Amino acid sequence: MRRISAKPVGVVVLLIWSLGPIYWALASSFMRPTDLTAQPPHFLPPVVTWQHYANLLGFNSTFQGQQVQSVWPQFSRALVNSLVTSGAATIVTVALAALGAYAFVRLRFPGRDAIFALVVATLAIPAYTVMIPLYRLMIVVHLVDTYLGVTLIYVSAFLPLALWLMRSVYRALPLSLEEAAALDGASRLYTLFRIVIPLSAPGLIASAILTFLSAWGMFVVPLVFSPTLHTKPLTVLIPEFVTKNYVDYGLMNAAGLLAIIPPVLVVIFLNRYLVSGLMAGAGK
Amino acid sequence: MSLALALAPGRRRETGLGLLLALPIVLVMASLVFYPLLLTLWDSLHRVDPMRYGTPFVGLGQYIELFNDSDVGAAWGNTIWLVIMAVVAETVGGVLIALLLQSVRRGRQWLLAAVILPWAMPPIVNAIIWLWIYNPSYGLLNAVLRDLGVISHYHVWFNDRATALALIAVVHVWRMMPLTAVIVLAALQGIPHELYEAARIDGARPWRSFVAITLPLIAPALAIALTQSTIFAFNLFDEAWILAGASLDTRTLLIETYMLAFQNLHFSYGMALSVLVMLVSLAVSLLYVMRSGRGATYE
């Protein structure tokens with residue numbers, strides 16, 4: 001009897017633990033400032049207000065009788081920056097990994113295994129280790145606060161995992177297909193683009209998702225390398241709402257929830273690839 | 001007519017293509033990771049300080065200074081506590097979640113999606129969500145605990161160092177536990193069902209078959225999960241930064257490095273600290289690689 005009832009309880013506890021905090025942020029983002037500070041707290045917004053979202057998305061509002069400027073100019077800029085840097089980093093990382101992994105799996109060239117081992121070994125060292133010299137380097141080449149600079153750093157940080165993933169994907173492909181293509185006179189590149197890469201689509205999607213989510217969530221790198229709104233992403237802008245003279249929890253929660261829309265979409269629609277990528281990334 | 005000779009042009013072309021495809025990766029990693037890494041090692045032996053003239057060689061002087069720096073010592077202490085709390089909670093919780101997921105038949109992919117969501121979100125947003133929950137005046141934590149009768153009055157949670165570290169660990173665990181759960185779940189799915197059948201026929205209780213069958217078979221996956229948990233917790237920055245800023249009570253090694261280098265502009269002193277952090281991270285990974293040598297030979 002006990003085992004039968006333990007499972008639903010476990011599921012409910014797990015759902016509350018995983019989604020409860022997100023629900024609370026969602027509820028708070030729809031509460032008026034007076035309801036946010038109510039005692040005891042409301043678990044549902046007594047009155048649904050869109051004012052925090054309106055403030056983020058371009059409308060001026062009033063708070064405690066004062067006119068509040070919309071943060072849309074900053075917010076939209078940071079949103080674009082987040083999309084551009086994460087998108088560019090994803091495309092470049094996956095492209096380099098898809099091509100490079102083929103070389104590391106199927107082609108022989110001097111230093112192949114040593115290079116692969118060195119690149120993958122950087123998975124074990126924190127990206128922050130090289131941040132200080134990287135900062136001085138980026139200043140010298142004038143790439144601080146540029147899309148190119150930030151994207152390159154992201155690529156160097158996420159490439160090892162993507163390469164590792166793509167290599168394990170290629171290794172799992174049957175060699176016979178490529179041999180058949182070779183016998184038919186297909187070149188290596190033709191085989192790679194027409195047979196290997198199309199067959200590896202799930203692996204490519206998994207690498208792309210992992211790279212995108214990592215880039216989207218990056219904080220320390222843009223904190224240092226994106227000092228102004230020129231390239232500052234949402235992750236750096238949103239905490240700045242906290243440190244203003246008064247903490248606007250409604251605005252903060254609303255901004256946070258807008259920032260999690262991409263991860264939520266990925267988890268809902270592409271979770272299969274995400275899970276397989278995580279499993280492969282951690283394993284062999 | 002030897003075969004090797006006939007193949008030679010093809011082989012050479014293969015070498016060229018291999019180098020060409022690997023070249024971009026080599027360039028990116030060499031210029032943005034390995035060159036700065038060597039620079040870090042080199043500069044940590046010199047005094048590189050934008051506010052002072054010259055970069056004299058100081059040998060291990062900065063490393064010795066680090067050992068006598070009380071702020072750095074506190075950061076080591078904070079980080080070690082966070083690692084212990086996070087790794088224990090993530091491992092125990094992750095295994096429990098994996099077992100639960102494995103046993104759920106209907107709607108498992110939806111439960112899995114809910115479990116993974118905190119991991120997929122930007123760490124900054126996670127920390128902000130919990131910052132609001134931990135709010136001393138209007139936060140959910142105080143209200144819920146008072147309603148349950150656990151506390152009699154509202155607490156300012158971050159006034160106490162131990163509590164503050166524990167609450168930061170909770171946020172980190174909330175984010176990272178799904179990773180352990182997924183890694184363990186993959187291992188669980190690889191265990192043949194017949195093993196449990198046989199154990200059940202032999203009259204083994206669930207706990208007994210967990211210890212005798214499940215645990216040994218998920219041990220390699222657990223080792224991977226443990227390594228990941230340790231390295232991620234060791235490099236904790238975002239959660240502590242959002243929840244408590246640069247507060248010395250909760251300052252982690254990475255925050256200390258950031259403060260040294262980018263706030264106080266002691267570049268090479270910060271680099272010396274980051275070299276130490278890197279060495280510990282590498283040691284943890286090596287420990288794992290040596291423990292699971294099987295995987296390495298299996299390749």
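User: How much area is buried between chain A and chain B?

Analyst: The size of an interface is often given as the accessible area lost when the parts come together. In this predicted model, about 7800 Å² is buried between chain A and chain B. Carbon and sulfur atoms give 81% of that area.

User: How many residues of each chain are in contact?

Analyst: On chain A, 89 residues touch chain B. They meet 91 residues of chain B.

User: How many salt bridges and polar contacts are there between the chains?

Analyst: The count of salt bridges between chain A and chain B is three. One of them pairs Arg136(A) with Asp43(B). Their closest N and O atoms lie 2.6 Å apart.

User: Which element gives the largest share of chain A's side?

Analyst: Helix H1 of chain A, residues 2-29, does. This helix supplies 14 residues of the side that touches chain B. By class, chain A's side has 66 nonpolar, 15 polar and eight charged residues.

User: Now a single residue. Where is Arg105(B) found?

Analyst: Arg105(B) sits in the loop between helix H3 (70-103) and helix H4 (108-120) of chain B.

User: Is Arg105(B) buried or exposed?

Analyst: Compare the relative accessible area with the cut-off: exposed means over 50%. Arg105(B) has 63%, so this residue is exposed.

User: What does the side chain of Arg105(B) reach?

Analyst: The Arg105(B) side chain reaches the backbone oxygen of Gln102(B), at 3.4 Å.

Key
Residues numbered from 1 in each chain as written. Chains lettered and ligands numbered in written order. Predicted model: local features only at pLDDT ≥ 70, side-chain atom pairs only at ≥ 80, totals over all residues. Heavy atoms only, no water. Contact = heavy atoms within 4.5 Å. Buried area = accessible area lost by both parts, 1.4 Å probe. Salt bridge = Lys/Arg side-chain N within 4 Å of Asp/Glu carboxyl O. Helix = DSSP H or I, 4+ residues; strand = E, 2+ residues; numbered from the N terminus. Nonpolar A, V, L, I, M, F, W, Y, C, P; charged D, E, K, R; others polar. Buried < 20%, exposed > 50% of the residue type's maximum accessible area, 1.4 Å probe, protein only. Polar contact = N/O pair within 3.5 Å; in protein donor to acceptor, adjacent residues only side chain to side chain.
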